[in-house]
Amino acid sequence: MGSGAARADQVSAVWVNPGFYSQHFDGDRPFRKDNVGIGVEVVVTPNHAVAMGTFINSDGARSRYGAYHWRPLDWKLRDFNTSVGIVLGAIDGYPRYRDGDWFIAPIPALTIEGSRLGVNLMVIPTIKDRVQGALAIQLKFRVW
């Protein structure tokens, strides 16, 4: 675990995604769940990836992001490469936080990757009265 040996075939992988689906912790408020967009993730080494993209956020505004994904814990689960780590992202577009300007967000993540299909499961932290916390699911498709 953590050596990256189980994911040797993932080095230099390129994934694309159609945005996120988010299940908010405060289900009583009318947040957008279908956060459509486009994103690209490049696995530089088995434990390090970078990502960027854009999507319609839970407040209905356009967000852009750039992120570094550190994936230090990894293991092979049947035919799937699985890892746990943290995404450190710069994101904008949330009108109640910094008037929509950029901010840094650390986001815990579980990643499961097959040969062509993968998923990132992320826990978006709540920033009181600014960003609503959620469990975000991001499907991704390997293109290289």
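Trainee: Which residues does F103 touch, leaving out those up to four places away in sequence?

Mentor: This is a predicted model. In it, F103 touches G89, A90, I91, Y94, Y97, R98, I127 and V131, with residues up to four places away not counted.

Trainee: How should I read a nonpolar core, and which residues touch the most other members here?

Mentor: General idea: nonpolar side chains tend to be buried together in soluble globular proteins. Now this case. The largest nonpolar core has 15 residues, and F20, F55, I91, Y94, F103 and M122 touch the most other members. Two or more residues come from each of β4, β5 and β6. The largest share, four residues, is from β6.

Trainee: Next, the pockets. How much space lies in the largest pocket?

Mentor: Rolling a probe the size of a water molecule over the atoms shows where empty space is left. Here the largest pocket holds about 530 Å³. Its lining has 36 residues, and F20, F55, I91, I107 and I124 lie nearest the centre.

Trainee: What kinds of residue make up that lining, and which element gives the largest share?

Mentor: The lining splits into 24 nonpolar, eleven polar and one charged. β6 gives the largest share, five residues. Strands β1, β2, β3, β4, β5, β6, β7 and β8 each supply at least two.

Trainee: Take I137 in β8. Is I137 buried, partly exposed or exposed?

Mentor: I137 counts as partly exposed because its relative accessibility is 32%, between the 20% and 50% cut-offs. Beyond four places in sequence, I137 contacts G19, F20, Y21, V119, N120 and L121. F20 is 117 residues away in sequence, yet the C-alpha atoms of F20 and I137 are 5.5 Å apart.

Definitions and conventions: Residues are numbered from 1 along each chain as its sequence is written. This is a predicted model: local features need pLDDT of at least 70, side-chain atom pairs count only at pLDDT 80 or more; totals for chains, interfaces and linings use all residues. Side-chain values use heavy atoms; hydrogens and water are left out. Buried means under 20% relative accessible area, exposed over 50%, partly exposed in between (1.4 Å probe, protein chains only). Contact means heavy atoms within 4.5 Å. On a 1 Å grid over the protein atoms alone, a cavity is a set of points where a 1.4 Å probe fits but cannot get out, and a pocket is an open set with protein on both sides within 12 Å along at least five of seven lines; lining residues have an atom within 4 Å of a point. Grid points are joined across faces, edges and corners, and a volume is the space filled by probe spheres set on the points. Ala, Val, Leu, Ile, Met, Phe, Trp, Tyr, Cys and Pro count as nonpolar, Asp, Glu, Lys and Arg as charged, and the others, Gly among them, as polar. A nonpolar core is a set of buried Ala, Val, Leu, Ile, Met, Phe, Trp, Tyr and Cys residues joined through side-chain atoms within 4.5 Å.
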